[in-house]
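Student: I would like to learn how to read a structure like this one, feature by feature. Could we look at it together?

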Amino acid sequence: SEQKNATWLDDTHDWQTISDGDLRLHWYGKDQAFAQTMLEAGIEGLRRNQEQAGLITNTPIDVYVYPNYTDMQDAVLYEPSWTGGQAYSDFSIVIMGLSGSDTTWDENTIIHELTHILVCQFTFSCIGTLPGWIEEGLAMFSEGELDSSMQSQLDQAISSNALISIRSLNGGFSELSDKANLSYSQSYSIIRFLIDTYGQEKMTQLLGALQDAKTIDEALLEVYGYDTEGLEDDWRQAINAAPRAVSAQATSQPTPTFVPTYVPISGAPLAVTPTPYAIPTSSFEGSEPTSSAPPIGLTIALVCICLVILLIFGVLILGLIVRAQNQKSKKGGDHA
């Protein structure tokens, strides 16, 4: 049949729209001057990505700005409590909430999320995956220098030897805000190290290798000459961190965080990248555990089978008891 598109929009608010080129910004609860400032921040983000990495959009991008985090979180499902912005790369849509106090943070959030859209468009592959530290690191790098609070947390992790292994950063980040922010800070530091040491062209080549559905180790070996552990060794040395702890056992592969299907949208989970809004005041990342319980349908079937078996046994036992009582009554009558 003929292909048709349907738009499912949060219509509980009176959205207004302003646009420039391929960027459309939607907002409510703020004035026109605010919207223009946020739009200009988005245009700056597109410019930085084009100049720094040659990343350009192949479709218009819609940015929906909520006036606070509460309104934004009311509109989404199954995301960590620290989420302040999301990039829906499959649909070139960004949603975000405002901090309410830090305009620079808000402007950087737009740049961060737009980078997710551009990187995912460039590296799209039906069978490949993009490691979290690359995607988040590039988004942080496009913002500019690392926030002072996050830099302090990273410095503390370096001095206390509490860094998260790069291989652990391949998957989803922690639900805990402080550990999640350390993951973001480390990802920025790793990307900064690679670009400062080897240049932006090598980073673009790495993204191209991942687009070809190579694993992260295959891509790193092809472009930089070492795998994930080799990268971590060089990065740690560059930032004056303690050497990586070497285990006698093979390094386990992290399990990505499972994201439930979005209702009422069916099918595969959407490609969603959350961005934190809370900066922690103190200190490892563990991916959200996946459920190992059997499907609910199988559980119900097993319970029903057990109940039927118990019912059969109950009927048999009751029958034996009644039979015994009948025989006893008969014998009593014969004796009388």
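Student: Which residues form a nonpolar patch on the surface?

Tutor: Before the answer, note that this is a predicted model, in which local features need pLDDT of at least 70 and side-chain atom pairs count only at pLDDT 80 or more, while totals for chains, interfaces and linings use all residues. Residues are numbered from 1 along each chain as its sequence is written, and side-chain values use heavy atoms, with hydrogens and water left out. A patch is made of residues with over 30% relative accessible area and no salt bridge, where like charges are joined within 9 Å and nonpolar side chains (Val, Leu, Ile, Met, Phe, Trp, Tyr) within 5 Å. Here the patch consists of L298, L302, I305, V308, I309, I312, F313, L316, I317 and I321, which together have about 940 Å² of accessible area (Shrake-Rupley method, 1.4 Å probe, with only the protein chains shown counting as cover for residues). One of these residues, L316, has its place in helix α10 (residues 296-335); helices (H or I, at least four residues) and strands (E, at least two) are DSSP runs numbered from the N terminus.

Student: How many salt bridges are there?

Tutor: Side chains of opposite charge can pair when their charged atoms come close. A salt bridge is counted when a side-chain nitrogen of Lys or Arg lies within 4 Å of a carboxyl oxygen of Asp or Glu, and by this rule the count is eleven. Among them is the pair of R24 and D62, whose closest N and O atoms are 2.8 Å apart. R24 belongs to strand β2 (residues 23-27) and D62 to strand β3 (residues 61-66), so this pair ties together parts that are 38 residues apart in sequence.

Student: Where do E44 and R48 lie?

Tutor: Both are in helix α1 (residues 32-53), four residues apart, which is about one turn of the helix, and their side chains meet in a salt bridge at 3.0 Å, N to O. E44 and R48 also belong to a network of salt bridges that links them with R47 and E51.

Student: Which residue does R167 meet in a salt bridge?

Tutor: The side chain of R167 meets that of E229 at 2.7 Å, N to O. This pair links distant parts of the chain, 62 residues apart, with R167 in the loop between α5 (148-159) and α6 (177-198) and E229 in helix α9 (residues 228-238). Both R167 and E229 are buried.

Note on methods:
Buried means under 20% relative accessible area, exposed over 50%, partly exposed in between (1.4 Å probe, protein chains only).
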